[in-house]
Each structure stands twice: as structure tokens, then as C-alpha cells.
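This briefing goes through selected features of the structure shown below. Please keep the sequence and the 3D view at hand while reading.

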Amino acid sequence: MPPGRELEGQRGEPTLKPPFPAVSGYMGKPSNVNNVETFANVPVIITKGAAWFSSIGTEKSKGTKVFALAGQINNVGLIEVPMGITLREIIYEIGGGIKNGRQFKAVQTGGPSGGCLTAKHLDTAIDYDSLVAAGSMMGSGGMVVMDETSCMPAIAKFYLEFTCEESCGKCSPCRIGNKRLCEILEKITDGRGTMEDLQELRNLAAVIKDTALCGLGQTSPNPVLSTLDNFWDEYVEHVVDKKCRAGVCKKLMSYVIDREKCIGCGKCAKGCPVEAISRTDYTAPGHKLASMVIDSTKCIKCGACINNCKFGAISIQ
Amino acid sequence: MINLTIDNKPIQVPEGTTILKAARMNGIDIPTLCHFELDGMNFENKPGGCRVCVVEVKGRRNLAPACATDVMEGMEVLTHSARVINARKTVVELILSDHPNDCLQCEKNGDCELQSLTKRLGIKEIPFKGETSTYRKDSTLSVYRDMDKCVMCRRCETMCNKFMTAGALSGVNRGFQAVVAPAFEQNLGDSSCVNCGQCVQVCPVGALTLVDDIAKVMNAIADPTKKVVVQTAPAVRVALGEEFGMKPGEIVTGKMAAALRRLGFDQVYDTDWSADLTIMEEGTELLGRLKKALAGEPVKLPMFTSCCPAWVTFYEKNFPDLLEYPSTAKSPQGMFGAVAKNYLAPKLGVKREDLVVVSIMPCLAKKSERAREELAVNGDSDVNYTLSTRELAHMIRQCNLDLNDMPEEDFDSPLGQSTGAAVIFGATGGVMEAALRTAYEVHTGKTLPKIDFMETRGFDGVKEATIDFDGFPLKIAVVYSLGNARKMMEQVRQGNPNGYHFIEVMACPGGCIGGAGQPYHHGNSDIIRKRMEAIYREDAGKPIRKSHENPEILAIYKEYYGEPCGHLSHEQLHTHYFDKSDKLEATK
């Protein structure tokens, strides 16, 4: 976004570059547009000197970087680390590891326009170039850690919904393309996706990246492309097996009562808000009452029955 | 000069040239959708938004929009690599996926740039299915808006804000719901819109179209109780032929008159005739104001022309403090209507309500002018229906006629004879030149040494000259585009520092020949140039070239009006203006 179009009373949308803001920005005057973090570095550099600042970090990315560490991690919050630190150090040392002892799955860096990195990137030294090389970016400095309870197509869709919301609508690839990406992802997470959709997803994401006018559109497909690259199997599972291994995509889940374990107490049926649970004719050996069954066409997958069952008879498949 | 290659062809172009222009200069036509330029008329729409013109530039990370990327030394550009074609097709497929695709019933069928782009790229199906964006339909008397078809090219917005400075249209809403519309959910008719219709002329698709009045005219013709007469504006005769495959600039005056008769109009008259009448009134008014000024009496100068209805609405909305500056003379359409209903109807032996007056105009604002309350008597408008050049072409085709096959016929009398001064009303500078021809001779009593005023001709948006009126230096200006007109009005507010006496204003590019009701020129300004050449050719070929020498005009003054600016002509041929600035309150 060029600086100050709104301040000039104009519609907030990107303009053609050049001229860049440093040459012609607010009211046509040279303008300095930087993030708060950049400006915050200036007094320290002036006080302690450029040599001191350059002594921290890597060859091409000097100094420190602030990240907003979030997600399924024990210690969340803002952290300031030297450039060149590895993801492993951030997640396991500063972040104190994954919550509840679960398995690390991915980390989204750079905000909605960034990408998802995986376990194979844990020992990558983080700087501007290495993140781009790994298919993500420094971006906003966001760092969202995910474990096995995160569904990657759903994560991609979540970020795309954000970009659709943020698109100004000026260029066609971002205005319509991101909407279509989002719709294809919805199809996939709803269990209506096909292998052709996966192909279309990749092509469309690549074209949007290649043709969009501004930085938002050029990076908005990153979550799609990086999850396609790193979690292809998970996409295929959604499309071919109609399964969501993380148990996130509700339309791909079914709640099932194990008739052998069910004692027929009926507590699940009482708590069901849509009366999807009824009694069968079958009484399991050793039990007095006939076991219950869930009508999947009525079930809204709210999870109330699981919480009500004290006998572990209900599971998600 | 910059050296580069496009599609491996070495070329040399001046610095500052875009890749698009460099390619077109060298015979490579990169397709575009949003880009639009009127060469030499100070209008360019280059938002870089559609991304159809993307090309591959060696060493660049992403594809570059050719319309908005300047050439650089050593650049290697590919306009049709597999990567480019795939991206271009995908972008157009995306646009089509958010388009109604009702081409068969669309007003723009056959004239749609998205349609031809789809054909050119060989798109056979749209792989993307999903939600389509929608916005409520809206219409003024001139412009119909179906924003479901909008492709966000922003041409209308640029035309409205930069060229016309009307400020009615701009991008509203965000993302997928983004659309071009008036601010604050206003209807276009309640906005600062002046109905110039240039948004329609530049719209690449069917989002902005004219209000079609053909059926109403056909019904009037079919009604045996009505006598239906038609008038045709100067600029129509040099553009109508384009709709029938003729070269731009072919003059079809006689064929058009013949076609109109075959369509069933009872009498076929000429707005050129009333253009001559306008000159008599407006020229006399100018001389009257000048005489007062010379006598030291208070008088409003400069006088502005008032024949362009978009311009009239523009000053009513934007300059309500200056309403006494424009001439009070009605436009030629308005004058014809008044003469037809007051003078002609009794002559033809019909009541004014039974005389249906139809205009053929190069203009969409004329549809709104026609409906002005002060141009009606007891609710019966002086002009009942206004059709554009394009609608006339539709009507001719609908009625199984081909303009090419028509014989040359004359207009009917007595509202049919005209001079060269009248036909040049169709081009920027023409009203001024016509007025000068008459005002000079009436004022000085001498014959003009040279009838052609070259100072007022040509495509400059602002032309200024001092004309020697037998010793009196008459300072004139000629402008087109309401942006230029605004500058002139602002000068008047500042006390007229340049001392202008007379200023001609036409809203559209090049004057009425570039009007919004004319055949679509699709940004080819050569077409408008050819129409202008034709206008001056028609003028040069006329036996009489000064309005005050038109025998039919002289006759009607003798028989009916008495004298220009006399009592009766004031009543019928002059009008007044209204403060319409309340239309702008919401956007202030």
C-alpha cells in the first residue's frame, strides 16, 4: 500500500511502482515508510554504533528480530532473538516445546502471507533469505506453531479467508483468484474435492503469485503452495479417502458408537441437541440394555455425546 | 533511445516508453482489458489492475504488466511464452468466473472487449465455479448500470474524475465485492453525475450501457394518431456509417435521411437547421453583451456556450454562483423541439400533443436534457424521445435495412436546410467558429475576409485566440472535457484574469463527434479524428456556410420570430438554469 493514499482522501489501494515512496509518496513528496520495529532499531544503533549492531545476526540479515510466538507451544509471547537462530532453538528452548507433549507439525512464519515450514526446516538458520528459500518469509514476524491437531488444508483456508478479507479488489488475480482459492479449499475441507481441484489449486496459486499487483496478492498463495509442497499427503487424504487426520474438518468426521462397549445408559441421546442418537435392538454380551447408534445424517458433530459417555464407547472416525 | 528485445526481435524505442507501447509500435499487439488511451486527448487509464497484459521479463521474479512497465536497456521481453499464456488465460478465466456471461442478450454483444479477449485466447470453458459478486441495478435517463458485469477496469472512474472532474464514480467496497459506484450508496441520478455518458463509451463490457428508447419510438411510429418527425444532429452523419462497415469519416447524410424515411418517420428534418438558429440567437446575445460591456454597463462576461447538456448540468451542480454567464440560448435539440411544437405543428395541422418529436443525437446527455421540465409545455416535452447514433443503427438493422443500400435523399423543408456553420457544431471549436462567422459580419457589416477560423480547430483540449473584430480584439477560448471547463469557470470566479469574452465548452473528447452515443471507438482516437475531418469536409462542400445566410432561417424570422433575441424567441428559444448544487451536498 502506498503511504498516505487514505491521508490524501483517496481509496486505499496500491499504485504502480515506480515511483517508489522514497521518491514520491505522501502528497507526492519523498516519504519514509517503515515498520515500527525498524524505527525502534534506530536509537539503539545510534547509541551503540553500527558495528555493534552488525556484530549480531548473519552476513545478510543483521541485528535482532522480534517474533510473535504463538500456537500450540508452552511459552507464547513476543521474543527478540538474534538473526540466524534456528527454529528448533526458538520452539524448544525459548518456547519450551509443544503443548501437552504432542508432536511438532509445522510453523507458519510471516503471517497470513507467509508459508508453513516443517520438521525438516527446524535446523535452518532464520534470516530473510533462508525463509524465502524455504518457501516462507519474515513478513510480519508472526510465528504460529502447530502440532498434529492442526489440519493443513484447513490452515491454508483460514489464511486465505484473511487475505480475501484484506484484498482491496484492484487487480483481478487477487480480487477473484483468492476468492476462488478459498472456495476450492472449502470444497476440499468439506470432502467434495477432487484430484483435479488439487491441480487447479496449484496452478491458480502460482498464477496469482506471478501476476498480482501488490505484495499482498503476490504472497497470499504462499500458505497454499507451502502446504501443498510439505503436506501433499494430507490434501490427498481429504480428496481421495475423505479423511481429516487432525480431526478438524467436521464434514469429514463421523461419530461412531462401539456397540460392544456401549452399556446402553442413553446419556449420549439425552445430551444430543439434534436427536441424532437412538437405541438399537442389539445388546452386547454382559450388558443389560441395548446399545445406542448415531444417525450420521442428523449428527452435527458437536461432540456432546463424547463428553457425556463415561465408558469410552464413542469415537471419531 | 533504449534497446531491448520483444519476442526475440531487437527494437529501439525512446526512454519512458512502456513495454505495451514499444510492442505496438513494432507490430506486436499485447492484449489488454483495463488499459485505455485516447491518444493526443490527454486521457489515459492505466491502473495496472486487470493483469491481462502481463509479459515475461528475463531476470524478473514475477510477470510484468506491459501497460505499466517502462522499457529498460537490454530488457528481454516475451509476450507469448507458455508461462505468459497460462497466466493470461487464467486471469481472463477468473474474470469470466465472476461475470454473468449472458452474452447473447447483452447490449454489448459483438462490441464487448471481454468477449473478443475470450475468443482471442481460445477460452472454451471456465474452470472456476463459485460465488459471483453482485450490486443493485441503477439507471438515470441516460445511463444504465449493471455492475454485475463490472470488471473493475476503472476506465469509467478515470473518465468521470480525471477527464470530466464530475466525481460521480469511484471504487467502493473491498476485495471480491469491490465495484465502481457513486459514494454512499447513492443512485447515479442523485450523485454529481452530469450524464455525459463517457463512462458508457469507455466501458469494455456491458456494465455501463445506454438507456434504450427504440421501442418507444417504434410504438410512436406505429400509432396512427401521431405524426412523428425526426431531427438528426451534426455529428451523427459522420459516424453512423461505421455501424454499417463503412470507414470512419464517411459522410452518410443523404443515406441517413433515406433510412429515416423508410423507418416510418413522417418528416425528416435536420438539427443542423436549428444549429443555424442557435447561432442567430447565441451570436446576437453575445453581441448584445459586448455592446453593453463597451458602453460600460454591468454585464456577465465571458459568455459560455450552452449547447452541451452535460456541461449545462455540470455548471448547475458545480458553479451555481455563475449561472448568468452561459448563454441562455437553448441547445439546437431544444430549439428544434420548441420550433416543431410551436411553429411546425399548426403548419402540419396537428395538435402539439399529437406531434411526436424524435432526436437522433451523438450524445447520451441529450436523453436527460430532453426530459428537463422547463423544456416542456403542460408536461408535453418539446422533444419526446432521443435516440443515440448507436440506437439508430440498431433500429435500421432491426427493420431489415442496410445503410449501404440507401439512396441519397434530402431533408424535408422547412426545418431541413442548413449551412456549413451548422455542421461544424459537431466538433470542438465548431460552435465558436460558426458564431464568429455570423457575429463578425453582423457586428461589422462587412464580409469576412476568411471564413475558416483555423484557431478554433484541432484536438487541443484548450485553445485560445484573439480575433480581430474590425479593430475590437475579441478574446475567445475553446475547451473540451469538463475538467478543462472547470478550469475556465474557476478563472471566472477569480475575476476572468485573461479577459475572455466568449468560451465554447463541449464535454466529450473532440466534441460531439466523440460523444457517448456514437459508435464505440474502443480507444482508437484516429476514428474521432476521421469524424472531425469529415465534419470540416461537409462544411467546405456546403454552398452556404454562414448561419445568417440560411434562407430557411431568414424566412422563419420574417414569418414567425421577428428578430433574434426578440420577445417570441426569448419565450421559445431561450431557457434558464437552476442551482442543483444540493446534488453535491452528500459528497462535500
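A:Gly141 sits in the loop between helix 4 and strand 5 (142-147) of chain A; helices (H or I, at least four residues) and strands (E, at least two) are DSSP runs, numbered from the N terminus. The model is predicted, so local features need pLDDT of at least 70 and side-chain atom pairs count only at pLDDT 80 or more, while totals for chains, interfaces and linings use all residues. Residues are numbered from 1 along each chain as its sequence is written, chains are lettered from A and ligands numbered from 1 in the order in which they are written, and side-chain values use heavy atoms, with hydrogens and water left out.

- A:Gly141 is buried because its relative accessible area is 1%; buried means under 20% relative accessible area, exposed over 50%, and partly exposed in between (1.4 Å probe, protein chains only).
- A:Ser130 belongs to helix 4 (residues 128-133) of chain A, and A:Ser130 counts as buried because its relative accessibility is 16%.
- From C-alpha to C-alpha, A:Ser130 and A:Ile46 are 28 Å apart in space, and in sequence they are 84 residues apart.

**A nonpolar surface patch**

- A:Leu7, A:Tyr26 and A:Met27 make up a nonpolar patch on the surface, and together they have about 350 Å² of accessible area.
- Patches are made of residues with over 30% relative accessible area and no salt bridge; like charges are joined within 9 Å, and nonpolar side chains (Val, Leu, Ile, Met, Phe, Trp, Tyr) within 5 Å.
- Accessible areas come from the Shrake-Rupley method with a 1.4 Å probe, and for residues only the protein chains shown count as cover.
- A:Tyr26 is in the segment before helix 1 (36-48) of chain A, and A:Tyr26 counts as partly exposed because its relative accessibility is 37%.

- On a 1 Å grid over the protein atoms alone, a pocket is an open set of points with protein on both sides within 12 Å along at least five of seven lines, a cavity is a set of points where a 1.4 Å probe fits but cannot get out, and lining residues have an atom within 4 Å of a point.
- Grid points are joined across faces, edges and corners, and a volume is the space filled by probe spheres set on the points.
- Ala, Val, Leu, Ile, Met, Phe, Trp, Tyr, Cys and Pro count as nonpolar, Asp, Glu, Lys and Arg as charged, and the others, Gly among them, as polar.
- In chain B, strand 4 (43-45), helix 4 (155-163) and strand 10 (170-172) each give at least two residues to the lining of this pocket.
- Helix 4 of chain B supplies the largest share of that lining, four residues.
- Seven of the nine residues in helix 4 of chain B are buried, among them B:Arg155, B:Cys156 and B:Phe163.
- After helix 4 of chain B comes B:Thr165, which has a positive phi, near 50°.

**Cavities**

- There are seven cavities of 30 Å³ or more in the structure, and the largest cavity has a volume of about 300 Å³.
- The largest cavity has 26 lining residues, and B:Cys307, B:Cys308, B:Pro362, B:Lys366 and B:Cys512 lie nearest its centre.
- The lining of the largest cavity consists of 20 nonpolar residues, five polar and one charged.

**Salt bridges**

- Over all chains, the whole structure has 62 salt bridges; a salt bridge is a side-chain nitrogen of Lys or Arg within 4 Å of a carboxyl oxygen of Asp or Glu.
- B:Asp102 and B:Lys149 form a salt bridge through their side chains (3.5 Å, N to O).
- B:Asp102 lies in the loop between helix 2 (82-97) and helix 3 (113-120) of chain B and B:Lys149 in the loop between strand 9 (143-145) and helix 4 of chain B, so the pair ties together parts 47 residues apart in sequence.
- B:Asp102 is partly exposed at a relative accessible area of 26%, whereas B:Lys149 counts as buried at 6% relative accessibility.
- A salt bridge also joins the side chains of B:Lys226 and B:Asp354 (3.5 Å, N to O).
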